[in-house]
Amino acid sequence: MTFNNIRKEMEATPLVSIIMGSTSDLPVMEKAMAFLDELHIPFEVNALSAHRTPDAVELFAKSAKHRGVKVIIAGAGMAAALPGVIAASTTLPVIGVPIKGMLDGLDALLSIVQMPPGIPVATVSVNGAMNAAILATEMIALGDEAVAERLTTYKASLGSKIEKANKELADITYKYKTN
């Protein structure tokens, strides 16, 4: 095996696994993919259903750590069983993303946050896939200084976006606007 082959194999090992109940969740989960891609975090994406493919979900969850995955982000709507079913079969951290559906996502949010003792699932806001990716990156950054540096740079850039917005707002004129 050559150095380039080893390098390609290392690059192909996902640190984060993004799982969704169906591809209808893709528009929400793409925000996580875009963030991880921007911060150069290798990830994989799959659709698995806790109800339609339970054996595949269990196999995925039990094999994820062995494959090098460090964090799992699981998006699910309605009954939102997927994050909890995954968490029940792995010791990896699982971050649940409730997907807006029937009750504006409240049904999914409540399903994900009400896990029994011993089976935790970290949960972000409804459709909060980007925050799930940021949280996953923070977890990975605990043991990877290069990731930590990229994350620090990203977080520092958040303030500059607000500064830019305020400059743009200052240019808006109204007769009674005072700033």
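1. A quick definition before we start: a residue is called exposed when its relative accessible area is over 50%, and buried when that area is under 20%. With that settled, here are some notes on this predicted model.

2. The overall layout first. The protein has 7 helices and 5 strands, and along the sequence they come in the order α-β-α-β-α-β-α-β-α-β-α-α. The C-alpha trace spans about 65 × 50 × 30 Å along its principal axes. Of the 179 residues, 37% are buried. Among contacts with a separation of 6 or more, 66% join residues 24 or more positions apart.

3. Val-28, Met-29, Ala-32, Met-33, Phe-35 and Leu-36 are its buried residues. Viewed down the helix axis, the buried residues of H2 fall within an arc of 165 degrees, so they line one face. Pro-27, Asp-37 and Glu-38 lie on the other side of H2 and are exposed.

4. What covers the buried residues of H2? The cover includes strands S1 (16-20), S2 (43-47), S3 (71-77) and S4 (94-99), together with helices H6 (129-141) and H7. After H2 comes His-40, which has a positive phi, near 60 degrees.

5. Now for the largest pocket, which holds about 350 Å³ of space. It is lined by 19 residues, and those closest to its centre are Gly-21, Asp-25, Arg-52, Gly-77 and Met-78. Sorted by class, the lining has 9 nonpolar, 7 polar and 3 charged residues.

6. Thr-53 sits in the loop between S2 and helix H3 (54-64). Is Thr-53 buried, exposed or partly exposed? Its relative accessible area is 32%, so Thr-53 is partly exposed. Although 32 residues separate Thr-53 from Gly-21 in sequence, their C-alpha atoms are 9.7 Å apart in space. Gly-21 is also one of the residues closest to the centre of the largest pocket.

7. Finally, have a look at Thr-178, in the segment after helix H7 (145-170). Thr-178 counts as exposed because its relative accessibility is 81%, and the cut-off for exposed is over 50%. Met-29 itself is one of the buried residues of H2.

Conventions: Residues numbered from 1 in each chain as written. Predicted model: local features only at pLDDT ≥ 70, side-chain atom pairs only at ≥ 80, totals over all residues. Heavy atoms only, no water. Helix = DSSP H or I, 4+ residues; strand = E, 2+ residues; numbered from the N terminus. Buried < 20%, exposed > 50% of the residue type's maximum accessible area, 1.4 Å probe, protein only. 1 Å grid on protein atoms, 1.4 Å probe; cavity = no way out; pocket = protein on both sides within 12 Å on 5 of 7 lines; lining within 4 Å. Points joined across faces, edges and corners; volume = space filled by probe spheres on them. Nonpolar A, V, L, I, M, F, W, Y, C, P; charged D, E, K, R; others polar. Arc of directions from axis to C-beta. Contact = heavy atoms within 4.5 Å.
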